[in-house]
Amino acid sequence: LGGNPELVAEEARSGSLGAEKTWTLWSFRVEGYVKNLSKIIQSGTFPRLYENGGDGRGRGLEILLRRDLSQRWWGWLAYTLSKAERRRSDVTPYFPYDYDQPHMATVILSGRLGRLLRLGTKVRYSSGSPYTPVLGYDQTFKIVIPGEKNSARLPPYFRADVRVEFREITRKSTFSLYLELLNVTGRRNVQGYIYDIERRKAETIHQIPFIPYLGVGIEF
C-alpha cells in the first residue's frame with residue numbers, strides 16, 4: 001500500500017462505563033468512554049505515500065433520555081459531550097480531529113393526532129467541524145498559505161425537520177400522504193469554504209435551504 005511494505009495495522013485501546021435506568025414509559029442511560037489510537041496510517045514522504053506514525057485520543061460522555069412507544073407520543077433526547085484529537089508524531093502537538101464536535105444534541109418527537117394523522121419532528125444541534133484556515137496567497141509560488149491544522153471551526157450546525165402524515169391502514173394495503181418540511185427554520189448551515197484564488201477570498205458553501213415536498217406511499 002502506497003509503496004511501503006512496512007505498513008502495519010492501526011491499533012486502538014478503548015474503555016467505557018455506563019448506567020441505565022428504566023421506568024414504565026421512560027428510560028435514561030449515561031455512558032462515558034475513552035479511546036486511544038496508535039500507529040495511525042498517514043501521508044508519508046516520497047517515495048512512500050503512506051506510513052505509520054500518528055496517534056490519537058478521544059473521550060466523551062453520552063446521555064440518552066427516551067420515552068417508549070405509547071398510545072400517542074414517543075421520542076428521545078440525546079446529548080454527547082466529546083473531544084477527539086490527532087497528532088503526526090510524539091514531538092508534534094495534538095490538533096482537533098476532522099470530525100471532532102464537542103457538543104451534539106438531537107431531539108426526536110413523534111405522535112398521533114387522531115386515528116389517521118401523525119406528526120413527527122427532528123431537531124439537531126452540533127458544534128461546527130474544525131478546518132484549516134487559509135492565511136493568504138503566495139504570489140511567487142502561486143499557492144495558498146494554510147494556517148495551523150484544524151485551528152478554526154465552522155459555525156454551529158442547527159436543523160429542524162417536520163413531517164405531517166395521513167395514513168390509512170386496511171387489511172390489504174397501507175396508504176399514506178405526507179408533507180415533509182426540511183430545515184423548516186431556513187438556517188443557512190455552513191458546509192465549508194473554498195478559497196477563490198482570483199478574488200483572494202474564501203467562498204462559503206452552504207447546506208440545503210428550506211425544502212418542502214409532498215409524498216405519496218402505497219404498500220400492499
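Tutor: Let us begin with the largest pocket, where strand 14 gives the most to the lining, with 6 residues. Please keep in mind that this is a predicted model.

Student: How many residues line the largest pocket, and which lie nearest its centre?

Tutor: The lining has 23 residues, and those nearest the centre are Y131, L154, Q191, G192 and Y193.

Student: What classes of residue make up the lining of the largest pocket?

Tutor: There are 12 nonpolar and 10 polar residues in the lining, together with 1 charged residue.

Student: And how much space lies in the largest pocket?

Tutor: The largest pocket holds about 400 Å³ of space.

Student: Back to strand 14, then. How many bridges join strand 14 to strand 15?

Tutor: There are 6 bridges between strand 14 and strand 15, the latter covering residues 201-206, and the two strands run antiparallel. Within this pairing, G192 stands opposite I205 of strand 15. G192 is also one of the residues nearest the centre of the largest pocket.

Student: What lies between strand 14 and strand 15?

Tutor: The two strands form a hairpin with 4 residues between them. In that turn, R200 has a positive phi of about 55 degrees.

Student: A change of topic: where is S82 placed?

Tutor: S82 belongs to strand 4, which covers residues 73-87.

Student: Does S82 count as buried or exposed?

Tutor: S82 counts as buried, because its relative accessibility is 17% and the cut-off for buried is under 20%.

Student: What does the side chain of S82 reach?

Tutor: The side chain of S82 reaches the backbone oxygen of Q101, at 3.2 Å. Leaving aside residues up to four places away in sequence, S82 touches Y33, R59, G60, D100, Q101 and P102.

Student: You mention P102. How far apart in space are N4 and P102?

Tutor: From C-alpha to C-alpha, N4 and P102 are 35 Å apart, and in sequence they are 98 residues apart.

Student: Where does N4 lie, and why does it count as buried?

Tutor: N4 is in the segment before strand 1, which covers residues 11-22. N4 counts as buried because its relative accessibility is 6%.

Student: Which residues does N4 touch?

Tutor: Apart from residues up to four places away in sequence, N4 touches R48, Y50 and E51.

Definitions and conventions: Residues are numbered from 1 along each chain as its sequence is written. This is a predicted model: local features need pLDDT of at least 70, side-chain atom pairs count only at pLDDT 80 or more; totals for chains, interfaces and linings use all residues. Side-chain values use heavy atoms; hydrogens and water are left out. Buried means under 20% relative accessible area, exposed over 50%, partly exposed in between (1.4 Å probe, protein chains only). Contact means heavy atoms within 4.5 Å. On a 1 Å grid over the protein atoms alone, a cavity is a set of points where a 1.4 Å probe fits but cannot get out, and a pocket is an open set with protein on both sides within 12 Å along at least five of seven lines; lining residues have an atom within 4 Å of a point. Grid points are joined across faces, edges and corners, and a volume is the space filled by probe spheres set on the points. Ala, Val, Leu, Ile, Met, Phe, Trp, Tyr, Cys and Pro count as nonpolar, Asp, Glu, Lys and Arg as charged, and the others, Gly among them, as polar. A polar contact is a pair of N or O atoms within 3.5 Å; within protein, one must be able to donate a hydrogen and the other to accept it, and residues adjacent in sequence count only if both atoms are side-chain atoms. Two strands pair if DSSP finds at least two bridges between them.
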